[in-house]
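Please look over the sequence and the model shown here. The report that follows goes through cores, sheets, rings and a loop.

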Amino acid sequence: MKINPSCILGVLIIASISCTDRQSQKSNLKLWYNQPANASIVDDPNGWKDDPEWLKALPLGNGSLGLMVFGDVNHERIQLNEESMWSGSPDDNNNPEAFASQAKIRQLLFEGKFKEATELTNKTQICKGAGSGNGNGATVPFGCFQTLGDLWIDNGKKAAFENYQRELDLEDAVVRIHYAQNGVNFQREIFTSYPDQVMVARFTADKPGQVSFTCKMTRPECFKTYKDNSQLVMSGSLSDGKGGNGLQYMARLMAVSKKGTISYSDSSMNVENADEVILLLSASTDYKLSYPDYKGRDFNKLTSENLKIAAGKSFEKLLDAHKKEYQQYYKRVSLDITPEKSPAVPTDERIKNFKQTKSDPQLVELVFQYGRYLLISSSRPGTLPANLQGIWANKIQTPWNGDYHTDVNVEMNYWPAEMTNLSEMHLPLFDLIESLVKPGEKTAEVQYHKKGWVVHPITNVWGYTSPGEAASWGMHTGAGAWICSHIGEHYAFTGDKAFLKRMYPVLKGSVEFYLDWLVEDPKTGKLVSGPAVSPENTFIAPDGSQSQISMGPAHDQQVIWQLFKDFIHASDELGINDEFTRKVAIAQTKLAGPKIGSDGRLMEWAEEFPEVEPGHRHISHLFAVHPGSEINREQTPELAAAAKKSLDYRISKGGGHTGWSAAWLINQYARLYEAEKALESLNTVLSKSTSPNLFGQHPPFQMDANFGVTAGIAEMLIQSHSGIIHLLPALPNEWKTGEVKGLRARGGYEVGIKWSNGKLVSAEISSEKGSDVIVKYGTIQKQVTVKAEGKSHFTVE
């Protein structure tokens with residue numbers, strides 16, 4: 001291969017060296033502010049309206065317990081969340097009337113009678129019952145992820161304060177608040193401990209006897225408080241959506257003080273004249289991710305024991321255990337693209353400034369690591385996966401029920417998990433997928449008379465796998481294939497065969513459904529999925545009608561292709577070669593594949609239908625570019641060029657206007673090696689869809705944009721989806737000099753890269769097992785042997 005002088009300064013030199021310790025993380029990655037979030041402003045009860053002050057509060061989480069710390073001085077609010085705080089209950093939403101119309105719908109679609117097919121689909125291919133309640137499911141069986149409530153801390157003062165600062169230090173996942181009032185310097189330190197499963201909040205002052213306050217716990221509905229020995233307890237039951245009680249929950253609060261007095265009533269806890277106070281809070285519910293009852297946690301015992309054990313430890317011991325556990329994940333990766341030390345600017349001002357400058361490398365570093373921080377905080381082994389809001393919601397009716405949208409959103413939550421060295425955080429998603437198999441089998445049988453299991457564009461903690469209440473968006477039959485792609489990804493990065501053996505039946509069940517579901521297109525003889533949607537998008541049919549339903553939309557074809565590919569690879573890895581695996585291999589070759597339209601764009605549907613909304617937020621027909629791998633610059637350059645044309649066209653028509661959509665564009669353009677367009681999409685998220693506390697915006701608030709941004713930045717620096725390790729594939733001009741350490745590549749590799757003036761200086765690739773790998777930079781491509789427990793070192797001369 002020829003060397004392009006414009007891409008590289010010299011040749012690639014390879015040498016084997018021993019492992020060395022990674023340098024410490026940059027110490028200035030903090031969210032910090034000179035004002036508190038105003039806790040006195042009441043939340044809007046409208047679940048679809050963001051509360052501006054809540055979007056200034058700072059998030060903490062240990063995967064099961066989430067906090068939003070306002071940092072207000074005289075009347076502090078710590079808004080509380082618990083991972084399983086869901087209304088609703090298991091419900092049968094499978095529609096036995098659906099199957100009878102499916103053959104007719106397919107016939108109408110193949111005959112080009114889209115108006116009639118759409119009408120019949122909308123009438124019959126829907127769930128039974130209320131479904132998601134049109135995204136307002138708090139009072140129907142589907143349910144809604146809800147706030148646990150609020151911890152209020154009233155200092156009993158109204159005096160002015162000065163020298164105020166609050167911060168969230170990403171280095172140790174601690175919120176710290178400093179201020180002076182009446183000649184006394186006060187400090188608060190707050191964190192959520194995974195080892196001890198409690199909130200820890202320490203209140204101190206630089207003069208004795210100055211810490212006094214009253215604590216209460218409240219909730220908008222369904223709660224009572226009472227004292228239980230030396231604890232304040234809040235408990236209750238949420239609606240099951242059927243007129244009865246559903247999930248039960250409990251939060252326990254206690255205080256440990258140095259000097260001073262502590263007293264409890266049924267509504268409050270009072271602290272007077274202490275030198276130091278430590279508040280401990282534990283919360284849980286009776287929920288258990290176990291079909292069909294989803295019950296079984298002894299929340300009373302759990303919360304009581306957690307507090308008892310934590311109360312026997314010093315603050316220093318609690319903090320040390322928290323930091324060690326958290327930092328084992330966080331410190332794996334570092335990113336430095338700041339050419340020189342940046343001036344100290346509060347985070348909210350940085351966001352405001354960025355809207356004008358569109359340039360702040362340190363802000364990019366911050367949001368990159370913030371996404372990793374949020375994933376660690378909202379998804380830990382043994383917890384539920386991060387939902388649309390991660391683990392943070394302050395309403396009874398959360399937007400879109402705070403559920404798991406499987407038509408991009410929950411998948412996007414986990415895009416950074418493997419690449420940014422947080423593989424363990426991926427595990428809760430697999431627990432959820434596994435839990436969907438049994439209810440999904442019932443849906444496949446009742447709704448479609450098919451084998452295997454299926455899920456549609458939404459699910460919850462109660463095993464919902466039916467279509468939505470409207471076919472226009474709810475007939476997303478490709479969701480199971482999409483979410484199962486994470487199984488293949490996790491194995492590609494980890495090589496964990498025990499995991500693959502565990503998840504193989506899940507993969508096989510999904511494959512069984514699609515083998516049964518696919519039909520032959522009478523015109524082409526190719527296998528196509530349908531009736532199906534291209535998620536949430538609408539086209540104008542030849543008969544002039546507007547429709548979402550067709551046969552063989554590109555998205556379904558691509559996710560099914562990826563599923564079959566992953567299943568075949570998994571079978572090979574496990575030494576399984578039987579009639580079924582051979583059948584899948586044959587079916588994959590018969591799938592209708594990507595097509596290029598007359599205008600050079602990658603086609604979204606099997607025919608060249610004009611879009612009703614050319615700038616639509618979804619880009620589902622480009623799944624094969626990212627997060628899939630069917631289309632890439634290396635092996636399918638013509639299709640990649642068509643995909644780029646599709647992206648450019650969609651953006652020119654106003655696409656990428658939501659936070660998660662623009663975040664997806666970062667990843668898409670990075671995969672196409674379009675560095676400046678990837679950066680432009682990143683800038684769009686930061687300037688248009690980022691809150692003062694850096695939470696992403698749809699709007700309203702959604703967590704997926706944060707995770708998508710982190711994944712996108714990683715994709716700009718390293719890629720491995722095409723079977724090689726590609727260094728700096730989409731490095732923008734603005735990031736002229738930098739270094740990243742700890743990113744992961746498929747095959748079990750860990751990679752560090754250093755560059756200067758836009759050119760690679762050196763790279764290190766390590767592997768626990770050791771193996772050969774092809775490495776690419778610019779136009780250079782070379783096979784490299786990476787020794788077990790060692791590193792291969794690359795320099796450019």
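Leaving out neighbours within four places in sequence, Leu279 is in contact with Leu151, Ile153, Met199, Val200, Ala201, Phe203, Phe213, Cys215, Leu253, Met254, Ala255 and Met269. Contact here means heavy atoms within 4.5 Å. This is a predicted model: local features need pLDDT of at least 70, side-chain atom pairs count only at pLDDT 80 or more, and totals for chains, interfaces and linings use all residues. Residues are numbered from 1 along each chain as its sequence is written, and side-chain values use heavy atoms, with hydrogens and water left out.

Leu279 also belongs to the largest nonpolar core, which has 233 residues. Leu151, Leu279 and Phe564 have the most contacts inside this core. Helix α13 gives the most to it, with 11 residues. A nonpolar core is a set of buried Ala, Val, Leu, Ile, Met, Phe, Trp, Tyr and Cys residues joined through side-chain atoms within 4.5 Å. Buried means under 20% relative accessible area, exposed means over 50%, and partly exposed lies in between (1.4 Å probe, protein chains only). In soluble globular proteins, nonpolar side chains tend to be buried together.

## The seven-stranded sheet

An open sheet of 7 strands runs in the order β3-β4-β5-β6-β11-β16-β15, with antiparallel pairing. Its edge strands are β3 (58-61) and β15 (261-264), and each pairs on one side only. Neighbouring strands of this sheet are turned by 20° against each other on average, direction ignored. That angle is taken between axes, which are lines fitted to C-alpha atoms (for helices over the stretch in contact); angles run from 0 to 180 degrees between N-to-C directions.

Strand β5 (residues 75-82) pairs with strand β6 (residues 149-154) in the antiparallel sense, over 6 bridges. Ile78 stands opposite Leu151 in β6. Two strands pair if DSSP finds at least two bridges between them. Helices (H or I, at least four residues) and strands (E, at least two) are DSSP runs, numbered from the N terminus.

Strand β9 (residues 184-193) is mostly covered, with 8 of its 10 residues buried. It pairs with strand β8 (residues 174-181) in the antiparallel sense over 7 bridges. Ile177 has Arg188 in β9 as its bridge partner. The hairpin of β8 and β9 has 2 residues between the strands, and Asn182 there takes a positive phi near 55°.

Strand β9 also pairs with strand β10 (residues 198-205), antiparallel and over 8 bridges. Here the bridge partner of Ile190 is Ala201 in β10. The hairpin of β9 and β10 has 4 residues between the strands, and in it Gln197 takes a positive phi near 55°.

## The mixed sheet

In a second open sheet, 4 strands follow the order β27-β28-β32-β33, and the pairing is mixed. Strands β27 (718-719) and β33 (780-786) stand at the edges; each has a single partner strand, so one side of each is left without a neighbour in the sheet.

Strand β28 (residues 725-727) and strand β32 (residues 771-777) run parallel, joined by 3 bridges. His726 has Lys776 in β32 as its bridge partner.

## Aromatic rings and charges

A search of the whole structure finds 34 aromatic pairs. One is Phe114 with Phe539, edge-to-face at 5.8 Å centre to centre and 90° between the planes. This pair links distant parts of the chain: Phe114 lies in helix α2 (residues 114-124) and Phe539 in strand β24, 425 residues apart. Phe114 counts as buried because its relative accessibility is 3%. Phe539 is buried too, with a relative accessible area of 0%. Rings of Phe, Tyr and Trp (its six-membered ring) pair if their centres lie within 6.5 Å; planes under 30 degrees apart count as stacked, over 60 as edge-to-face and the rest as tilted.

Ring pairs also link Trp54, Trp392, Phe695 and Phe701 into a cluster. Charges meet rings as well. The charged end of Lys508 sits over the ring of Phe580, 5.1 Å from its centre. The charged end of Arg601 sits over the ring of Tyr649, 3.9 Å from its centre. A charge sits over a ring if NZ of Lys or CZ of Arg is within 6 Å of the ring centre and within 35 degrees of the ring normal.

## A buried loop residue

Asn537 is found in the loop between β23 (532-533) and β24 (539-540). Why does Asn537 count as buried? Because its relative accessibility is 1%. Not counting residues up to four places away in sequence, Asn537 touches Ser547, Gln548, Glu604, Trp605, Glu613, His616 and Arg650.
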